[in-house]
Amino acid sequence: MPSEDLSIISQMKSLDPTPIRVLLFGRYAELLGADHLTVPVPVSGTVEGVVDLVRQLPGGQGLPDRPLAAIDLVQVPLNASVRAGVEVALLPPMAGG
Amino acid sequence: MGVLTRAPIDVAGLTKSVEASGRGAITSFLGVVRNHHCGREVTRLEYSAYAPMAEAECERILAETSSRWPVSVALQHRLGPMAIGEVSVAIAVAGNHRDEAFVACRYVIEELKRRVPIWKREYFADGTEGWVDPTACDGVVLAKVGEVTNEGSASR
């Protein structure tokens, strides 16, 4: 097979959805009945896309449209990109102190 | 000394940790579990956290504080079940003078409440319980009576 074809196959594989691990806490964990789950996020997906996928799961409709979110322990805006290997956390309103 | 703890906070020890011979002013803030919320009687509560992020965010706040003011600062926050009257959070700040000690202490508690992923579930005298939501109109989202707290998220 010519090397160009291999390159195309490689690119097509890169378009496969990426499984992203999502952590849930507090009320959100209770709504979804789990404290973590995995969703298939399209390449060049965003946190907002992750939220949309989670909201489609049973119990997910109870999530707000725009929850607080973090990637790898740092709070991020919903338009932040997600890539393979990152851990997305959806954070209920904080109530420490 | 870790920032998050399930044991009672040693307030005297926390204060001692910021003392230095050049520090002429020490301020502290203690958050205490109260027995009411929005006119309802609270009997106990439970704190949970996204622990790795909470620890990291607290460390960032402490570093910011030390870089903005000439102070030494320490912080501890409880997790797990708590009784009325217990200290849930303690902050100690030592500065050369009182101005920076007061303002830095205020900065730490305000940033903690805004940025650190810690959650509080209140248990009421009428048998109901709910997650505290500072953004909700009455400050709490009620769960069904007897609904089990998600221990998985609490212990992470």
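**Exercise 1. State how much area chain B and chain A bury between them, and what share lies on carbon and sulfur atoms.**

Solution. Buried area is the accessible area (1.4 Å probe) that two parts lose on being put together, summed over both. For chain B and chain A this gives about 2,200 Å², with 59% on carbon and sulfur atoms. The contact (heavy atoms within 4.5 Å) draws 34 residues from chain B and 23 residues from chain A.

The model is predicted: local features need pLDDT of at least 70, side-chain atom pairs count only at pLDDT 80 or more, and totals for chains, interfaces and linings use all residues. Residues are numbered from 1 along each chain as its sequence is written, chains are lettered from A and ligands numbered from 1 in the order in which they are written, and side-chain values use heavy atoms, hydrogens and water being left out.

**Exercise 2. Identify the salt bridge between chain B and chain A, and describe the side of chain B that touches chain A.**

Solution. Step one: a salt bridge requires a side-chain nitrogen of Lys or Arg within 4 Å of a carboxyl oxygen of Asp or Glu. The count between the two chains is one; A:Glu30 pairs with B:Arg121, their closest N and O atoms lying 3.2 Å apart.

Step two: among the elements of chain B that each supply at least two residues to this side are β4 (40-49), β8 (118-124) and α4 (151-155). Helices (H or I, at least four residues) and strands (E, at least two) are DSSP runs, numbered from the N terminus. The most comes from α3(B), with five residues.

Step three: by class, this side of chain B holds 18 nonpolar, seven polar and nine charged residues. Here Ala, Val, Leu, Ile, Met, Phe, Trp, Tyr, Cys and Pro count as nonpolar, Asp, Glu, Lys and Arg as charged, and the others, Gly among them, as polar.

**Exercise 3. Determine the strands with which β4(B) pairs in the antiparallel sense over two, seven and four bridges.**

Solution. Two strands pair if DSSP finds at least two bridges between them.

- Seven bridges: the partner is β8(B), in which B:Tyr123 is the bridge partner of B:Arg44.
- Four bridges: the partner is β6 (residues 80-83) of chain B, where B:Gly80 stands opposite B:Tyr47.
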